Amino acid sequence: MQEQQGSLEFLSSSSIMVLGLFILAVTGVLCWLAWHRSGYRMRTGWLELLRFVLVCLVVTTLNQPEWLKIQPPDRRSTLAVLWDQSKSMETRDVFDNQDLSGERKSRAETIQPLMSEAVWKPSDTTDLNVVFEPFSSQLDPAEEATDLNAGLSHVLDNHANLRGVVLLSDGDWNVGNSPVEAATRFRMKGIPVFAVGVGSKVPLPDLELVRMDAPTFGVTNKQLRIPFVVRSTLGQDRDVSVTLSINNEAKVTKVVRVPAMSQAQDNIVWTPPATENYTLNLRIAQDTEELIPENNEISAPISIREEQLRVLVIESFPRWEYRYLRNALERDQGVEVTCLLFHPELPQVGGGRTYIKRFPDARELSRYDVVFLGDVGVKEDQLTTEQARELRKLVSAQASGIVFMPGRSGSHDTLIPGPLDDLYPVILDPAIPQGIGSNIQGYFALTASGQRSLLTRLGDTDQDNGEVWRKLPGFFWYTGVKRAKAGTETLAVHDQVATASGRVPLIVTKTFGAGKVLFMGTDSAWRWRHGVEDRYHYRFWSQVARWMAYRRQMAQSEAIRLFYAPDRPNVDDVLTLNANAIDNVGGPLDRGSVVVQAISPSGKTQTIRLQPGTEDLAGLFVGSFVPKEPGNYRLIASSSETGASVQTDLSVQGLNREQQGRLARFDVLDEIAKITEGKLVPVSEVPSLLEHLAALPEPAPTVHRTRLWAHPIWAGILVFLLGAFWVARKMNGAM
């Protein structure tokens, strides 16, 4: 360590210095004259000398004196080698000499030879101190993610006299702040970062099972469609064998055509034979050219149960759409149908098996999972405003579904504006309340959302589904609609007719509060039976009923219901919990408390007290929690007022941020290097970095500045001398 060097500097301008000298000259003359008039008395001489010293100190203060101490840097400056130890470094995508037929090496194995001090410390730079620092993330376990910003900042904060940093990584940054923040700090301190990129910059030949969207529960003896996505980076199209295993026993195999350098979305069908908890395992067969077989399999638990949906169908006249819908729902063994047929032109409502004589009261209505609202409005002999409000509460607070099925009388025009206005997913055209009829058939055209949706899935594959919808019998009437509202999802439109906002929407969905809404813009779905009987008609309405009631069926007992979103969360996702409780007289509990206990896979219990909803959401209790562990959680919801409880299992997925097979992020490393004025090189060009490292200047000496003019001691000296001067004047007889 060299000794510190000190010097005095003034931060002043020439005008202030000239002015200061002038003041000193004038003060000196005046002080001498005063001493001369006193007859050169000794006491007066000391007083005038003190006056002159005070003026000198003031003038010096105006010129801002500073004392500088220069601390030379430590002769052994530091080179930090920062190496990535996250799981993505286990990806085996590095080939020697780019020989694709040779044995692959992992990214971690590739950088291992660089973990030696001799590599980075040439013989002519013996004063260089080389340190090796691993990094990954601040999570637990740390290897499950990569935080480049934290790794770089740690080196900068913990090592003095840094000459430079070598970053050995694949650049796969996935948690923490942007590494640009740390790179900017390095740039401000003049410390370059030299990045050594490892991994493949082009996709390796691979087939990847990207996701499996299995529901959390299914119904015994009802077909379960499990969507999945397969991605290919192979150079040719492939027929990929997809196998669904149940509890490790292969059940269903399907061959899917996956285009080259693209992906294919499909679904596999399985019919659960019994009420039980199963483990679904989806696997794709390994291709002969595939190099990363680790991403070919996904597993998920599922609960299979008995189901009995309660459906209410409300209609004015027994039109064909109503008759065939009622027939389809009654033949579904998992659906209990109740009908209310107003028959406004007759003195009594419709009667018979499954019919009711009046609109249900609030307690009775709360038992229904789905309501089909046909050509009915708020008018005499039909719905009242209060009954429309009850339907709104049923959807928003109790997670039921409502299906709007307008008809040729235009009764839905009376629902808006009104209690159901914000539920309605489309804007009706008031100029044509009775809809539009034509002698020429119109047809459904699926949108991009409709092609992906399970709600409109009538074929087993995407191609089959599109073909089915193209061949379905058309319709001769449709609702007058201006456009779909914001926040909705349009699944199907008119194949020919358009408004100023685009094609006329015919099948539109939305969520409202805790429930779901569906709009069906024609009255001719019953015609889908032509030539195929019930094949598509029954399937569509069965899917609608179960899709609308899905959330209400997640976990329920006779007196309490628990549902949540998302239904398959990841670690650190915010899980929204919702509950409905039934009071002792059978109605929704709107005052009270509902508590949910979340028991983690490790046995830790977290208690969440759900809060009651607002007036519009009376009867709904809402809360949230964030799962921190992957695996199966046990959720137990209970109400102290009713003593009721219900429990269910929640499957929480691990984040798997460090997926093997991802491309190396050389763009991230290059940006860090450019900001810090460093350089990015591949592993093969590491020797070229030694010249850059040897040419790096020593860290600049540290300069410590002491502002004398603003220092408290300096101010104290001035105050002391001013006081001494005032006392001396009094003692000398001055007034």
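This note goes through the strand pairing, salt bridges and aromatic contacts of a predicted model.

1. The sheet with parallel pairing. Five strands form an open sheet in the order β6-β3-β7-β8-β37, and their pairing is parallel. At its edges stand β6 (129-135) and β37 (679-682), each of which pairs on one side only. From one strand to the next the twist averages 20°. Within this sheet, strand β7 (residues 162-169) and strand β8 (residues 193-197) run parallel and are joined by 5 bridges, and Val 165 has Val 193 in β8 as its bridge partner. Helix α5 (residues 148-158) packs on the sheet, where α5 touches β3 (78-84), β6, β7 and β8, and the direction of this helix makes about 155° with that of β7.

2. Strand β32 (residues 594-599) runs antiparallel to strand β33 (residues 605-612), with 6 bridges between them, and Val 596 finds its bridge partner in Ile 608 of β33. The hairpin of β32 and β33 has 5 residues between the strands, and in that hairpin Gly 603 takes a positive phi near 100°. Strand β33 also pairs with β34, again in the antiparallel sense, over 2 bridges; here Gln 611 has Val 622 of β34 as its bridge partner.

3. Salt bridge between Arg 92 and Glu 109. The structure holds 34 salt bridges, and in one of them the side chains of Arg 92 and Glu 109 meet at 3.4 Å, N to O. This pair links distant parts of the chain, with Arg 92 in strand β4 (residues 92-94) and Glu 109 in helix α3 (residues 107-111), 17 residues apart. How accessible are the two partners, Arg 92 and Glu 109? Arg 92 has a relative accessible area of 30% and is therefore partly exposed, while Glu 109, at 37% relative accessibility, also counts as partly exposed.

4. Lys 628 is exposed, with a relative accessible area of 57%, whereas Asp 572 is partly exposed, with 33%.

5. Aromatic pairs. The structure holds 17 aromatic pairs, including a stacked one between Tyr 324 and Trp 526, with 5.7 Å centre to centre and 10° between the planes. Tyr 324 lies in helix α7 (residues 320-330) and Trp 526 in the loop between β28 (515-520) and α12 (535-549), so that the pair links distant parts of the chain, 202 residues apart. Trp 528 and Phe 540 form an edge-to-face pair, with 5.2 Å centre to centre and 75° between the planes; Trp 528 belongs to the loop between β28 and α12 and Phe 540 to helix α12, 12 residues apart. Are Trp 528 and Phe 540 buried or exposed? Trp 528 is buried, with a relative accessible area of 1%, and Phe 540 counts as buried too, at 1%.

6. The ring cluster and charges over rings. Ring pairs link Trp 528 and Phe 540 into a cluster together with Phe 372, Phe 444, Trp 469, Phe 475, Tyr 478 and Trp 541. Arg 305 lies over the face of Phe 217, at 4.2 Å from the ring centre, and the charged end of Arg 323 sits over the ring of Trp 320, 4.9 Å from its centre.

Note on methods
Residues numbered from 1 in each chain as written. Predicted model: local features only at pLDDT ≥ 70, side-chain atom pairs only at ≥ 80, totals over all residues. Heavy atoms only, no water. Salt bridge = Lys/Arg side-chain N within 4 Å of Asp/Glu carboxyl O. Helix = DSSP H or I, 4+ residues; strand = E, 2+ residues; numbered from the N terminus. Buried < 20%, exposed > 50% of the residue type's maximum accessible area, 1.4 Å probe, protein only. Pairing = 2+ DSSP bridges. Axes fitted to C-alpha atoms, helices over the stretch in contact; angles between N-to-C directions. Contact = heavy atoms within 4.5 Å. Phe/Tyr/Trp six-rings, centres within 6.5 Å; stacked < 30°, edge-to-face > 60°. Lys NZ or Arg CZ within 6 Å of the ring centre and 35° of its normal.
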